[in-house]
Amino acid sequence: MNLTDDWTKIREHFNRSVRSSLHVSICSVAKDGNPTVTPIGSLFLNKGQQGFYFEKYTSSLPMNSAHNKNVCVLGVNSNLWFWIRSLFKSKFSKPPAIKLYGILGERREATAIELSRLKRRTRLFKISKKGYDYLWGDMKYVREISFTKIELVKLGNMT
């Protein structure tokens, strides 16, 4: 897969990943050199190999970005039927997991369009008004990511 030519397919994969597992994982590097993984449910990929996530519950990502802005985002399609079909066929029809490498931008206030995208993604959870308001009620800040490299996760002969 090519980061530029296949960006539409990559975006589709990450949308499936968030739908199936409700998050992606973002790995950053702490000041002491140790990797740290953060689950993020609010990653959105835009056009042009760009994306953003809402930065509310992250503690290590902002600290780590102060000295190292490099990150790796892992999106796994955890859909049960995707895995069952793939196991019966002994082959994945699409990549089961993709890693995107990128560089974090600065934290900034979310735009109206970005807030609208978040509300659309989380609308199902409005059933629990109190929980919804607690988790997503005051999302205000985003951090952009510029992606520079893609890596497909290999799972033996099935990929």
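Mentor: Let us begin at the start of α3, where a side-chain oxygen of N79 comes to within 2.9 Å of the backbone nitrogen of W81. Please bear in mind that this is a predicted model.

Just after α3 comes S90, with a positive phi of about 60°. Most residues other than glycine have a negative phi. S90 is not a glycine, yet its phi is positive. The residue is placed in the loop that runs between α3 (80-89) and β6 (97-109). Its relative accessible area is 48%, so S90 is partly exposed.

A second case of this kind is Q49, which is not a glycine either and has a positive phi of about 55°. Q49 belongs to the loop between β3 (43-45) and β4 (50-54). Here the relative accessibility is 17%, and because buried means under 20%, Q49 counts as buried.

Across the whole structure, a search finds 7 aromatic pairs. In one of them, the ring centres of F44 and F54 are 6.4 Å apart with the planes at 80°, so this pair is edge-to-face. Because F44 lies in strand β3 and F54 in strand β4, the pair ties together parts that are 10 residues apart in sequence. Both F44 and F54 are buried. Ring pairs also bring in F52, so that F44, F52 and F54 are linked into a cluster.

The charged end of R107 sits over the ring of Y141, at 4.0 Å from its centre. K149 lies over the face of Y101, 4.8 Å from the ring centre.

Finally, strand β2 (residues 35-40) contains T38. With a relative accessible area of 9%, T38 is buried. Its side chain is joined to that of S60 by a polar contact of 3.3 Å. Neighbours within four places in sequence aside, T38 is in contact with V24, S25, I26, T58, S60 and L61.

How values were computed. Residues are numbered from 1 along each chain as its sequence is written. This is a predicted model: local features need pLDDT of at least 70, side-chain atom pairs count only at pLDDT 80 or more; totals for chains, interfaces and linings use all residues. Side-chain values use heavy atoms; hydrogens and water are left out. Helices (H or I, at least four residues) and strands (E, at least two) are DSSP runs, numbered from the N terminus. Buried means under 20% relative accessible area, exposed over 50%, partly exposed in between (1.4 Å probe, protein chains only). A polar contact is a pair of N or O atoms within 3.5 Å; within protein, one must be able to donate a hydrogen and the other to accept it, and residues adjacent in sequence count only if both atoms are side-chain atoms. Contact means heavy atoms within 4.5 Å. Rings of Phe, Tyr and Trp (its six-membered ring) pair if their centres lie within 6.5 Å; planes under 30 degrees apart count as stacked, over 60 as edge-to-face and the rest as tilted. A charge sits over a ring if NZ of Lys or CZ of Arg is within 6 Å of the ring centre and within 35 degrees of the ring normal.
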